[in-house]
Amino acid sequence: MTKEIKDAPQGELDHKEDYYVPPPAPFFDAKELFQWSFYRAIIAEFVATLLFLYITILTVIGQHSQTDVAHGGDACGGVGILGIAWAFGGMIFVLVYCTAGISGGHINPAVTFGLLLARKVSLVRALLYMVAQVLGAISGAGLVKAFQKGYYNRYKGGANMLAHGYSKGTGLGAEIVGTFVLVYTVFSATDPKRKARDSHVPVLAPLPIGFAVFLVHLATIPITGTGINPARSFGAAVLYNNKKAWDDQWIFWVGPFIGAGIAAIYHQYVLRAHSGKSHGSSMSSQHL
């Protein structure tokens, strides 16, 4: 047993397993407001979300431009849905890897909301993370529009909108399930027991999270363009500023928050719930 685990004053060490379980985050922690690490984490979330929107929106617009036959494009050109999905999943992999040790690498208000419900972050941290993520998304989309205004307006700014032929209920369901997949993966990949077992593979957690984003995009791009991230959807909508984008905007907030909430409840209070007859971890539920 390492010294680091022995010295952990607030968490609890499972008596059978050599891993440390952090205590639940306080609902409100005033001490955070006086720590530089707190504001550094907020800045990291802002910059990460800015970069995420910049690269992914450029990819979406580039795909539309390269396949626009009316403007000299090739109908069979571009990166396709597969390339767009890789751009989103790849950027999440990279950015989570870069920021996980600073802010936790949320880059998504739905992920932050799920972690808040599971008491992994305080309310103050969660709210300021969400503000930083939204502002970062607006800034990232703004950079794309500033550099390619003509393309941005012509190809709808990469904004999420419900595709023709699908009902709002279908779109909402796609966002709920897609976000559930993402947030469930986040909880599973960052589980203390799994992290201790797989500590020899330092990039393991960001990899499945990015891959989950990739797979969800493959499935739902034809339906909603794939939101599963309210900041991503809102940032693009603000800069595109189109009635259709605003009419559908609620789907990309309600769906992800419902999906994240279900994932948090499922992982924390079903899969990780303590039971006297459980054959899994012996951690008490108050420390989940």
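Modeller: Take burial first: a residue is buried under 20% relative accessible area, exposed over 50% and partly exposed in between, with a 1.4 Å probe and protein chains only. The model is predicted, so local features need pLDDT of at least 70 and side-chain atom pairs pLDDT 80 or more, while totals for chains, interfaces and linings use all residues. Numbering starts from 1 along each chain as its sequence is written, and side-chain values use heavy atoms, without hydrogens or water.

Now the charged pairs. The whole structure holds four salt bridges (a side-chain nitrogen of Lys or Arg within 4 Å of a carboxyl oxygen of Asp or Glu). One of them joins Arg 125 to Glu 32, with N and O 2.9 Å apart. Arg 125 belongs to helix α5, and Glu 32 to the loop between β2 (20–21) and α2, so this pair ties together parts 93 residues apart in sequence. Helices here are DSSP runs (H or I, at least four residues), strands are E runs of at least two, and both are numbered from the N terminus. Both partners are covered. Arg 125 counts as buried because its relative accessibility is 14%. Glu 32 is buried too, at 8%.

Next, Asp 248. Its partner Lys 168 comes within 2.9 Å, counted between the closest N and O atoms. Lys 168 sits in helix α7 and Asp 248 in the loop between α11 (243–247) and α12, so the bridge ties together parts 80 residues apart in sequence. Asp 248 also bridges to Lys 244, where the closest N and O atoms are 3.0 Å apart. Asp 248 is buried, with 1% relative accessibility. Lys 168 is partly exposed at 39%, and Lys 244 is partly exposed at 35%.

From there, go to Ser 233 in helix α10 (residues 230–240). Ser 233 is buried, at 1% relative accessibility. Its side chain makes a polar contact with the side chain of Asn 160, at 2.7 Å. A polar contact is an N or O pair within 3.5 Å; within protein, one atom must be able to donate a hydrogen and the other to accept it, and sequence-adjacent residues count only through side-chain atoms on both sides. Beyond neighbours within four places in sequence, Ser 233 contacts Asn 160, Gly 227, Gln 249 and Phe 252 (contact: heavy atoms within 4.5 Å).

The largest nonpolar core has 47 residues, and Phe 52, Ile 57, Tyr 152, Leu 182 and Ile 209 have the most contacts inside it. Two or more residues come from each of α2, α3 (80–99), α4 (109–117), α5 (123–147), α7 (168–189), α9 (206–224), α10 and α12 (251–271). Such a core is a set of buried Ala, Val, Leu, Ile, Met, Phe, Trp, Tyr and Cys residues joined through side-chain atoms within 4.5 Å. Look at Ile 57: leaving aside neighbours within four places, Ile 57 touches Val 144, Tyr 152, Gly 157, Gly 158, Arg 232 and Ala 236. Another core lies apart from the largest one; it has six residues, including Phe 38, Ile 42, Tyr 129 and Ala 132.

Seven of its nine residues are buried, leaving α4 mostly covered. The buried set is Pro 109, Ala 110, Val 111, Thr 112, Gly 114, Leu 115 and Leu 116. Their cover includes α5, α7, α10 and α12. At the start of α4, a side-chain oxygen of Asn 108 reaches to within 2.8 Å of the backbone nitrogen of Ala 110. After α4 comes Arg 119, with a positive phi near 60 degrees.

Ile 102 lies in the loop between α3 and α4. Ile 102 is partly exposed, with a relative accessible area of 36%. Not counting residues up to four places away, Ile 102 touches Arg 40, Ala 41 and Ala 44. The C-alpha atoms of Ile 102 and Ile 43 are 9.6 Å apart, although 59 residues separate the two along the chain.
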